[in-house]
Amino acid sequence: MMANEFLFETVNLSKHFGALAAVDDVNLQIRRNTLHAIIGPNGAGKTTLFNLLSGNLKPTSGKVFYNGNDITGQPIHRMIHIGIGRSFQITNVFPNLTVFENIRLASQAMEKGNFRFLTDASRLKKCEERAWAVAEKVGLKEKAFSPARMLPHGDQRKLELGMILAPDPSVLLLDEPTAGMAAEQVPELIKLIREVQADGNKTVVLVEHNMNVVMSISDTITVMNLGKKLAEGSPEQITSNKEVQTAYLGGLYEL
Ligand SMILES: Nc1ncnc2c1ncn2[C@@H]1O[C@H](COP(=O)(O)OP(=O)(O)O)[C@@H](O)[C@H]1O
Ligand SMILES: [Mg+2]
């Protein structure tokens, strides 16, 4: 196991729902400090794979390694403490709390981890400082005291990103972060995700449907189909892969 090269590694990972192999014998390696996209048609198993990485689901068979350690089947709260942050396809924002309060609450998820040696008062202060820094990073400092429900949809997605960033995770698992966004807002969020990844030395695993976006920002792309890994490589390699073109991209997307 090359603990330092790969942040995540799955070995023969499978998840069955009854007779259906939603994830089928997948060997995946996510290189540290890269942006790694997972693409594939609806039902390919992308979200199930995320749930296996984040601990939301236990695999039927196979293993998940994080930093070279076997984390297969660990409970979700352990995952947050070892630095795995994820977004869900459903927005987890508290609508009646302000932007700042939402981010501060999220930052408290790491309180016992990084801040365990501090007193209660200085812990709270650290969380507040961190929340301000994150609000600024995601471009919502000016709207910090707005209730989350008042934000336009694009800003809600930024807030969601802020809430994932708040506990300072080493890896962000982002499942269709641009879903439901107006097309003209997508580039800004994607640029922000790339910045967060590059400036923060973080690893991002991204499921995204917009192929232009995926091709322009990914370091590595894994293509899934029917639970299996169909192909993997750089955007150039994926674009020119005949099997991928035939099975998936050809009919659906302009490359
Ligand atoms: N909890 C579940 N119970 C039964 N089947 C599921 C469940 N979750 C996902 N599936 C099935 O597993 C397959 C993969 O789903 P999913 O991982 O959501 O794909 P994707 O995110 O690529 O669209 C689909 O056929 C889906 O219907
Ligand atoms: Mg999905």
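H3 and H6 cross in a right-handed sense. This is a predicted model, so keep that in mind throughout. The axes of H3 and H6, the latter spanning residues 153–165, come within 7 Å and cross at roughly 30 degrees. An angle under 35 degrees counts as roughly parallel, and that makes H3 roughly parallel to H6.

Who touches whom? From H3, we have Val 99, Asn 102, Ile 103 and Ala 106. Facing them in H6 are Leu 159, Gly 162 and Met 163. By class, that contact holds five nonpolar residues, two polar ones and no charged ones.

Stay on H3, residues 99–107, and turn to H5, residues 120–137. Here the axes come within 9 Å, and the crossing angle is roughly 120 degrees. H3 and H5 are therefore oblique to each other. The crossing of H3 and H5 is right-handed.

On the H3 side, the contact uses Val 99, Phe 100, Ile 103, Arg 104 and Ser 107. On the H5 side, look for Cys 127, Glu 128, Arg 130, Ala 131, Val 134 and Ala 135. The classes here are seven nonpolar, one polar and three charged. Val 99 and Ile 103 of H3 take part in the contact with H5. Val 99 and Ile 103 also meet H6.

Now H1 itself. Buried or exposed? Nine of its nine residues are buried, so H1 is largely enclosed by the rest of the structure. Run along the helix: Lys 46, Thr 47, Thr 48, Leu 49, Phe 50, Asn 51, Leu 52, Leu 53 and Ser 54. Just after H1 sits Gly 55, with a positive phi of about 90 degrees.

That brings us to backbone angles. Most residues other than glycine have a negative phi. Where are the positive values in residues other than glycine? One is Asn 12, with phi of about 45 degrees. Asn 12 lies in strand S1, residues 6–17.

Another is Asp 168, with phi near 55 degrees. Asp 168 is in the loop between H6 and strand S7, the strand at 171–175. Asp 168 has 17 C-beta neighbours inside 10 Å, so it counts as partly exposed.

Last, the whole chain. The secondary structure comes to 10 helices and 10 strands. How many residues, and what share is buried? The chain has 255 residues, and 40% of them count as buried. Take the contacts between residues at least 6 apart in sequence. Of those, 67% join residues at least 24 apart.

Note on methods. Residues numbered from 1 in each chain as written. Chains lettered and ligands numbered in written order. Predicted model: local features only at pLDDT ≥ 70, side-chain atom pairs only at ≥ 80, totals over all residues. Axes fitted to C-alpha atoms, helices over the stretch in contact; angles between N-to-C directions. Helix = DSSP H or I, 4+ residues; strand = E, 2+ residues; numbered from the N terminus. Parallel < 35°, antiparallel > 145°, perpendicular 65-115°, else oblique. Left-handed = near helix turned anticlockwise from the far one by under 90°. Contact = placed C-beta atoms within 7 Å. Nonpolar A, V, L, I, M, F, W, Y, C, P; charged D, E, K, R; others polar. Buried ≥ 20, exposed ≤ 12 C-beta atoms within 10 Å, placed from the backbone.
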